[in-house]
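This report describes selected features of a single predicted model. The sequence and structure are shown first, followed by the discussion.

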Amino acid sequence: RSTKLIRRFGSVGAMAILTIVSVSMSVAVVCIVMGLVLGFDFARPVSLGLFWTFAVSFSVVIPTLVTPIIGASMIKVLTNLDQLSAELAYIAETDQLTHLLNRRGFEAASQKLLRELKPDQSQAALLLCDIDHFKNLNDKFGHEFGDASLQAAARTLRDTLERYGAV
């Protein structure tokens, strides 16, 4: 929820909303406490100066000072968490050698594509590639050469297919 709030209103807007919510909750708590102190007999006379001193100091000033400090730290942590989450999703769904989607990433991307397809307006295609006799290439020239070959093949596929909104 907090990250959605930050994305929608920005850091400053989220901080203002958190402060307003904090002050409002604090006012409610002070009113309840004052009610308990007064026995919920609001008709009973109370020193208005004392009430306002207590109410303002505890329900407005303190949250207004404390919330931005705590909120700024929370926003920084949540922003970092969002970035780390995106990085982890990339790592989990991408082959580290070729930087193409792995099986998990392919399944997620294809499911998303199928959900977004409109039967009468969209087209989609699936291209599966197999490098014939790759094991022989790896065995004959070594794994480093095999890795470089896979990277070159992936780069060629990506460069060719990205023009069409694929990969």
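## Packing of helix 4 and helix 5

In this predicted model, helix 4, spanning residues 134-141, and helix 5, spanning residues 143-161, have axes that come within 6 Å of each other and cross at roughly 135°. Helix 4 is therefore oblique to helix 5, because an angle has to be over 145 degrees to count as roughly antiparallel.

Helix 4 contributes Phe134, Leu137, Asn138 and Phe141 to the contact. From helix 5, the contributing residues are His143, Phe145, Gly146, Ser149 and Leu150. Sorted by class, the residues of this contact comprise five nonpolar and four polar ones, with no charged residues.

## The largest nonpolar core

Five residues form the largest nonpolar core: Ile6, Ala14, Met15, Ile75 and Leu78. At least two residues of this core are supplied by each of helix 1 (2-37) and helix 2 (48-93). Helix 1 provides the largest share, with three residues.

Which residues does isoleucine 75 touch, not counting residues up to four places away in sequence? With that exclusion, isoleucine 75 touches Ile6, Ala14 and Met15, together with Ser11.

## Threonine 94 in the loop between helix 2 and helix 3

Threonine 94 is located in the loop that lies between helix 2 and helix 3. Its relative accessible area is 6%; threonine 94 therefore counts as buried, since the limit for that class is under 20%.

The side chain of threonine 94 reaches the backbone oxygen of tyrosine 90, at 2.7 Å. When neighbours within four places in sequence are left aside, threonine 94 is in contact with His99, Leu100, Leu101 and Asn102.

## Phenylalanine 106 in helix 3

Phenylalanine 106 belongs to helix 3, which covers residues 103-116.

Along the chain, phenylalanine 106 and threonine 94 are twelve residues apart, and their C-alpha atoms are separated by 8.8 Å. Not counting residues up to four places away in sequence, phenylalanine 106 touches Leu101 and Leu126. Leu101 is also among the contacts of threonine 94.

Notes
Residues numbered from 1 in each chain as written. Predicted model: local features only at pLDDT ≥ 70, side-chain atom pairs only at ≥ 80, totals over all residues. Heavy atoms only, no water. Axes fitted to C-alpha atoms, helices over the stretch in contact; angles between N-to-C directions. Helix = DSSP H or I, 4+ residues; strand = E, 2+ residues; numbered from the N terminus. Parallel < 35°, antiparallel > 145°, perpendicular 65-115°, else oblique. Contact = heavy atoms within 4.5 Å. Nonpolar A, V, L, I, M, F, W, Y, C, P; charged D, E, K, R; others polar. Core = buried A, V, L, I, M, F, W, Y, C linked by side-chain atoms within 4.5 Å. Buried < 20%, exposed > 50% of the residue type's maximum accessible area, 1.4 Å probe, protein only. Polar contact = N/O pair within 3.5 Å; in protein donor to acceptor, adjacent residues only side chain to side chain.
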